[in-house]
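Trainee: Please take me through one part of this model in detail. I would like to look closely at the charged pairs and what surrounds them.

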Amino acid sequence: MYPAGHFLLAAVPLTVYTVVRWRHLPSGPMVLLLLVATQLPDVIDKPLAWTFAILPSGRMLAHSLVVSLPVLTIVVLLAVHRGYGQYAAVFSAGYLSHIAGDFYPIVRLGTDYYFFPNLFWPLLSASPDRTPSFAAHSPDSLLSLAVPLIVFGLAISYSLVTVYQRYEQGPAEIPQR
């Protein structure tokens with residue numbers, strides 16, 4: 001799944017939930033946080049595997065449930081303790097949606113999917129990538145990515161504009177007596 005697909009897999013349910021529950025779009029900071037969360041597993045694993053050859057697979061360390069679930073649990077507990085539980089929930093949902101998006105063939109193929117062991121690394125030995133490079137995973141044509149890229153670009157633009165507007169207003173004034 002490409003970056004835009006990972007983002008959309010998480011952004012569509014978040015947007016629907018926010019509109020139904022509160023009757024407005026998700027805030028810019030929330031969308032930006034979701035954008036980071038949905039890309040983070042690949043930002044960690046792909047360079048470590050394909051650029052630096054530290055990992056045998058681009059779906060290993062940050063894509064492992066054995067590693068990510070305890071880390072996300074700690075993040076959520078700390079965030080809830082500091083009053084940022086809603087942000088932690090969105091971050092965790094975005095991060096886990098990335099893993100679900102990468103491992104959806106398990107539903108169809110079961111344990112025959114060659115990346116299956118990577119979900120449980122280091123408890124199971126990781127399966128190495130068959131094509132360990134960024135070039136091997138590029139799309140055949142950019143036209144096939146047109147709609148996801150447009151939506152991805154609009155989401156980033158919306159996030160940046162709302163964050164800018166929020167900080168441009170400055171802090172609220174304290175009323176004088």
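Mentor: Start in helix 2, residues 28–51, which holds both Lys46 and Asp42. The two residues sit four apart, about one turn of the helix. Keep in mind that this is a predicted model. Lys46 and Asp42 form a salt bridge, and their closest N and O atoms are 3.1 Å apart. Side chains of opposite charge can pair when their charged atoms come close. Are these two partners buried or exposed? Lys46 has a relative accessible area of 12%, so it counts as buried. Asp42 is buried too, at 13%.

How many salt bridges does a search of the whole structure find? The search returns two. The other one joins Asp102 to Arg59, with 3.6 Å between the closest N and O atoms. This pair links distant parts of the chain, its members being 43 residues apart. Asp102 belongs to helix 4, residues 85–102. Arg59 lies in the loop between helix 2 and helix 3, the latter spanning 65–81. Asp102 has a relative accessibility of 2% and therefore counts as buried, the cut-off being under 20%. Arg59 is at 15%, so by that cut-off it is buried as well.

Now move to Met60, in the loop between helix 2 and helix 3. Met60 is buried, with a relative accessible area of 5%. Which residues does Met60 contact, leaving aside neighbours within four places in sequence? They are Asp45, Leu55, Asn118, Trp121 and Ala126. Asp42 is 18 residues from Met60 along the chain, and 9.6 Å separates their C-alpha atoms.

The core has twelve residues in all, among them Phe7, Leu14, Met30, Leu34, Val90 and Phe152. Which helix gives the largest share of this core? That is helix 1, with five residues.

Take Met30 as one member of that core. Not counting residues up to four places away in sequence, Met30 touches Leu14, Gln86, Tyr87 and Val90.

Conventions:
Residues numbered from 1 in each chain as written. Predicted model: local features only at pLDDT ≥ 70, side-chain atom pairs only at ≥ 80, totals over all residues. Heavy atoms only, no water. Salt bridge = Lys/Arg side-chain N within 4 Å of Asp/Glu carboxyl O. Buried < 20%, exposed > 50% of the residue type's maximum accessible area, 1.4 Å probe, protein only. Contact = heavy atoms within 4.5 Å. Core = buried A, V, L, I, M, F, W, Y, C linked by side-chain atoms within 4.5 Å.
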